[in-house]
Amino acid sequence: MEKPPSLGDQETRRKAREQAARLKKLQEQEKQQKVEFRKRMEKEVSDFIQDSGQIKKKFQPMNKIERSILHDVVEVAGLTSFSFGEDDDCRYVMIFKKEFAPSDEELDSYRRGEEWDPQKAEEKRKLKELAQRQEEEAAQQGPVVVSPASDYKDKYSHLIGKGAAKDAAHMLQANKTYGCGEATVRGVAGRGAW
């Protein structure tokens, strides 16, 4: 037979129930906040779609869950969205109308944290085309023959000498440490290899 629960056990159970109730209340509050945030984002996206003067919209930095909700709302609305920024705290979302989707250069600019300037992008594109044309012209001209300004033998003659290579070629001695002793040389010579 078990003895009745002590006063400490009842107190522990009461605290556990209170904590579970607080946790449930916090979860309900978070859920309600997400629903309200989604409704607010749906309204902002709807206003953005209605405004024919806007082709893109930048939102304030938000946390991961909020960005996820916004991306979902934008996808349902048939728009394009991208997140930019380095840290999780500083990341923000930009949305674009489908007909004004950003170019790769524009996206790269936003990823680097720069503002998009179409005039600068056009200048960069022209410079890139000019460089490419110059490379093509250089390739059509053929390879450039490079000849050294001086001969290395003349430059380093004080180190290697003028006739060092010729002297080394005339002087041939077998090295016994590598198995090229006199017997080996005679054996090869005796077979008519030389």
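Biologist: Why does Phe82 count as partly exposed?

Modeller: Its relative accessibility is 23%. Buried would need a value under 20%, and exposed a value over 50%, so Phe82 counts as partly exposed at 23%. Please keep in mind that this is a predicted model.

Biologist: Thanks! How confident is the prediction, in terms of mean pLDDT?

Modeller: The mean pLDDT of the protein is 80, and 78% of its residues reach 70 or more. Among the elements, helix 2 (residues 64–77) has the highest mean, 91, while helix 8 (residues 182–190) has the lowest, 50.

Biologist: How many helices and strands does the protein have?

Modeller: There are eight helices and three strands. Starting at the N terminus, they follow the order α-β-α-β-β-α-α-α-α-α-α. Buried residues make up 14% of the 194 residues.

Biologist: Let us return to Phe82. What makes its pair with Phe96 edge-to-face?

Modeller: The structure holds five aromatic pairs. In the pair of Phe82 and Phe96, the ring centres are 6.1 Å apart and the planes stand at 70°. Rings pair when their centres lie within 6.5 Å, and planes over 60 degrees apart count as edge-to-face, so this pair is edge-to-face. It links distant parts of the chain, with Phe82 in strand 2 and Phe96 in strand 3 (residues 92–96), 14 residues apart.

Biologist: Is Phe96 buried or exposed?

Modeller: Phe96 has a relative accessibility of 1%. The limit for buried is under 20%, so Phe96 counts as buried.

Biologist: And what makes the pair of Phe84 and Tyr110 tilted?

Modeller: Their planes are at 50°, with 5.4 Å from centre to centre. Stacked requires under 30 degrees and edge-to-face over 60, so an angle in between is called tilted. This pair also links distant parts of the chain: Phe84 is in strand 2 and Tyr110 in helix 3 (residues 104–111), 26 residues apart. Phe84 is buried at 2% relative accessibility, and Tyr110 is buried at 3%.

Biologist: Which residues do ring pairs link into a cluster?

Modeller: The cluster holds Phe82, Phe84, Tyr92, Phe96 and Tyr110. Lys58 lies over the face of Tyr92, at 4.4 Å from the ring centre. Elsewhere, Lys97 lies over the face of Phe48, at 5.2 Å from the ring centre.

Biologist: How do you know that the buried residues of helix 3 line one face?

Modeller: These residues are Glu106, Leu107, Ser109 and Tyr110. Viewed down the axis of helix 3, they fall within an arc of 155°, so they line one face of the helix. They pack against strand 1 (56–58), strand 2 and strand 3. Gly113 follows helix 3 and has a positive phi, near 85°.

Biologist: One more residue, please. Why is Thr80 called buried?

Modeller: Thr80 has a relative accessible area of 15%. Buried means under 20%, so Thr80 is buried. Thr80 has its place in strand 2 (residues 80–84). Leaving aside neighbours within four places in sequence, Thr80 is in contact with Val74, Met94, Ile95, Phe96 and Lys98.

Biologist: What share of the contacts with a separation of 6 or more comes from residues 24 or more positions apart?

Modeller: They account for 48% of those contacts.

Terms used. Residues numbered from 1 in each chain as written. Predicted model: local features only at pLDDT ≥ 70, side-chain atom pairs only at ≥ 80, totals over all residues. Heavy atoms only, no water. pLDDT = per-residue confidence, 0-100. Helix = DSSP H or I, 4+ residues; strand = E, 2+ residues; numbered from the N terminus. Buried < 20%, exposed > 50% of the residue type's maximum accessible area, 1.4 Å probe, protein only. Contact = heavy atoms within 4.5 Å. Phe/Tyr/Trp six-rings, centres within 6.5 Å; stacked < 30°, edge-to-face > 60°. Lys NZ or Arg CZ within 6 Å of the ring centre and 35° of its normal. Arc of directions from axis to C-beta.
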